[in-house]
Amino acid sequence: MPLPKPTLKARALRLLSQREHSRLELARKLRRHAEEGDDVEALLNFLEQNKWLSEERFSENLVHRRSARYGNSRIVAELQHHGIGGEMLAEVKESLKEDEVERCCEVWRRKFGEVAADPEGRQKQLRFLMSRGFSQKAIRTAMKGTMPDDYD
């Protein structure tokens with residue numbers, strides 16, 4: 001006898017038990033399985049009211065996972081892709097500004113470890129850090145090869 005098809009709520013709880021999801025991402029995943037009469041928005045509201053779905057937790061989790069490897073602009077772009085905006089995005093941007101230079105220096109140190117001697121090597125390092133989403137200020141500081149004393 002085949003197992004009964006899981007309900008939309010069961011699917012949502014299973015997805016949320018695996019990792020945090022943004023509202024937009026979870027809605028997209030649930031709509032594929034929604035049948036006529038299923039109200040995905042009502043389910044998402046229910047999950048938010050019961051604190052099972054949280055944009056704040058999702059944002060914190062994404063920043064925590066990405067901040068060791070990526071710069072502010074890349075992290076912010078990913079949050080926007082997941083539907084995070086407004087005040088939440090502004091708070092995340094502000095918190096990321098505090099240590100971007102330090103994070104950039106650490107990424108540079110792990111990847112390269114020493115200042116490039118030739119212009120081609122410097123360009124390679126510059127392109128790498130830019131592709132990771134770091135700001136020009138952070139890249140310039142990191143490519144000097146020393147950790148800055150103050151981050152202003």
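Colleague: Where does Phe46 lie in this model?

Modeller: Phe46 is part of helix α3, which covers residues 40-49. Keep in mind that the model is predicted.

Colleague: Is Phe46 buried, partly exposed or exposed?

Modeller: Buried means under 20% relative accessible area and exposed means over 50%, with partly exposed in between. Phe46 has 32% relative accessibility, so Phe46 counts as partly exposed.

Colleague: How many aromatic pairs does the structure hold?

Modeller: A pair of aromatic rings is described by the distance of the centres and the angle of the planes. The structure holds 2 aromatic pairs. In one of them, Phe46 and Trp52 are 5.7 Å apart centre to centre, with 75 degrees between the planes, and this pair is edge-to-face.

Colleague: Why is the pair of Phe112 and Phe128 edge-to-face?

Modeller: Planes over 60 degrees apart count as edge-to-face. The planes of Phe112 and Phe128 stand at 85 degrees, with the ring centres 5.5 Å apart, so the pair is edge-to-face. Phe112 lies in the loop between α7 (100-111) and α8 (119-131), while Phe128 lies in helix α8, so the pair ties together parts that are 16 residues apart in sequence.

Colleague: Is Phe128 buried or exposed, and which charged end sits over its ring?

Modeller: Phe128 counts as buried, because its relative accessibility is 16%. The charged end of Lys111 sits over the Phe128 ring, 5.1 Å from the ring centre.

Methods
Residues are numbered from 1 along each chain as its sequence is written. This is a predicted model: local features need pLDDT of at least 70, side-chain atom pairs count only at pLDDT 80 or more; totals for chains, interfaces and linings use all residues. Side-chain values use heavy atoms; hydrogens and water are left out. Helices (H or I, at least four residues) and strands (E, at least two) are DSSP runs, numbered from the N terminus. Buried means under 20% relative accessible area, exposed over 50%, partly exposed in between (1.4 Å probe, protein chains only). Rings of Phe, Tyr and Trp (its six-membered ring) pair if their centres lie within 6.5 Å; planes under 30 degrees apart count as stacked, over 60 as edge-to-face and the rest as tilted. A charge sits over a ring if NZ of Lys or CZ of Arg is within 6 Å of the ring centre and within 35 degrees of the ring normal.
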